[in-house]
Amino acid sequence: MSEVQEPSQPTGQQPDPSLLPPATAEPVSEAPYWAPPPPAPARPVNNSLWHRIAAGVVLAAVIAAAAGAGLGWSLARTINYHNNPIAAITSPSTTQPQTNPETPIQPANPSTGSLNADAIAAKIDPAIVDINTVVGSSQAAGTGMIISSTGEILTNNHVVDGSTSIQVTIAGHSQPYSARLIAADPSADIAVIKVDGLTGLPTVSFASSSSVNVGDAVVALGNALGRGGSPSVSQGSIVALDQTITASEGGTKSEQLSGMIQSDATIYPGDSGGPLVNSSGQVIGMITAGNVQGFRSSASNVNYAIASDTILGVVNQIRSGQTSDSIIYGQVGFIGVSVQTLDAAVASQLGLNVSSGALVVSVQSGSPAAGAGIARNSVITSVGGTSITSIDSLGTAIRAHKPGERVSVTWVNASGTHTATLTLSGVNP
């Protein structure tokens, strides 16, 4: 078992892997205001910090511990290119979900033998989809796998989190389809989305990850660089099993993903959510993380996949409609602010007459907060009559309300105290 952490000093070891950086869904002729600088020149290898990067998502919602509401957008998952990450805090919905009528997925008997990458691709390509999201003012791309003939699609949570729109392109279909989030388990980086109104779709098949051995030949497939078209195909082998990696949100928070399968098949940004398959094209894992230092075009032959047994446990729990501390059903509330917990020193520097609350770092254009007049350097002190003393209490207060509800928000700035009623938007957790 391995754990990747920030080292105190550079070493001569190979760089630690990172969750894949984003793949823009469309070529960008001019760098938008949020675009990061070009990749830095080659530098001495070191054990760099694990950054929680949205593979296939340019902007994504940061998942903060012990809180519960979607607040805004962040570049924290894009190798910390942004100086002011915006928290979108989520926690499980308290709404009773509807039971999904799909039956539990059972893994097929594992199959071994010589590997033919072209034959595998021909078999599994029809069940692989391109996922394009809108997050804030940006677009991005990732990968998904069809797991039911009626349009259920498996992907990484970090491919769709923070998004307000999900579009899915299915092989053989001329137009993309809108998809909705059924549920997500951010702690496992697993999400299930659905395209409604379709039947007869091809699906992937699974083999139990308990059958996988080091040295087994594998193929990785995905929407490399968000370019669409036929999935990219890369052959490799299993390097290690049952790996534990520690991913950090730009250094502010970390989470562990355990039981990961490590392989040396080459992957690219945009491959997240794509399948890692055995010699018979059975899915044994979902591509999630890789050692990528550049932006948009970096390849990695050090990659990690969520094991199929872990995936099926989460998917079947979602299908059963079970509630848990980790699964979030549907969208969470959203007001569109970047916040940090206010302390007395910052309050003094800004000339504010409050010593606690949620300090607004930035506001998304067109968001409920922007419409209410909340601006940068404001301090949110109350939501729905609940006192706000930190980023966590702000998340908890918003979690108590559903998207579409009208909520009273009080904030303080240099001109005094203000109160307005906001209609919460919804965002994918």
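Visitor: What is the pLDDT over residues 25-99?

Guide: In this predicted model, pLDDT, the predictor's confidence in each residue from 0 to 100, stays under 50 over residues 25-99, although the model has 267 contacts beyond four places in sequence for them, a contact being heavy atoms within 4.5 Å. Residues are numbered from 1 along each chain, local features need pLDDT of at least 70, and side-chain atom pairs count only at 80 or more, while totals for chains, interfaces and linings use all residues. Side-chain values use heavy atoms, without hydrogens and water. The mean pLDDT of the chain is 76, and 71% of its residues reach 70 or more.

Visitor: Why is serine 367 called buried?

Guide: Buried means under 20% relative accessible area, exposed over 50%, and partly exposed in between, with a 1.4 Å probe and protein chains only; serine 367 has 5%, and is therefore buried. Serine 367 lies in the loop between strand S17 (358-363) and helix H5 (368-372), where helices (H or I, at least four residues) and strands (E, at least two) are DSSP runs numbered from the N terminus. Leaving aside residues up to four places away in sequence, serine 367 touches Phe334, Ile335 and Gly336.

Visitor: What makes S12 and S13 a pair?

Guide: Two strands pair if DSSP finds at least two bridges between them, and 5 bridges join the antiparallel strands S12 (residues 283-290) and S13. Isoleucine 287 stands opposite alanine 305 in S13.
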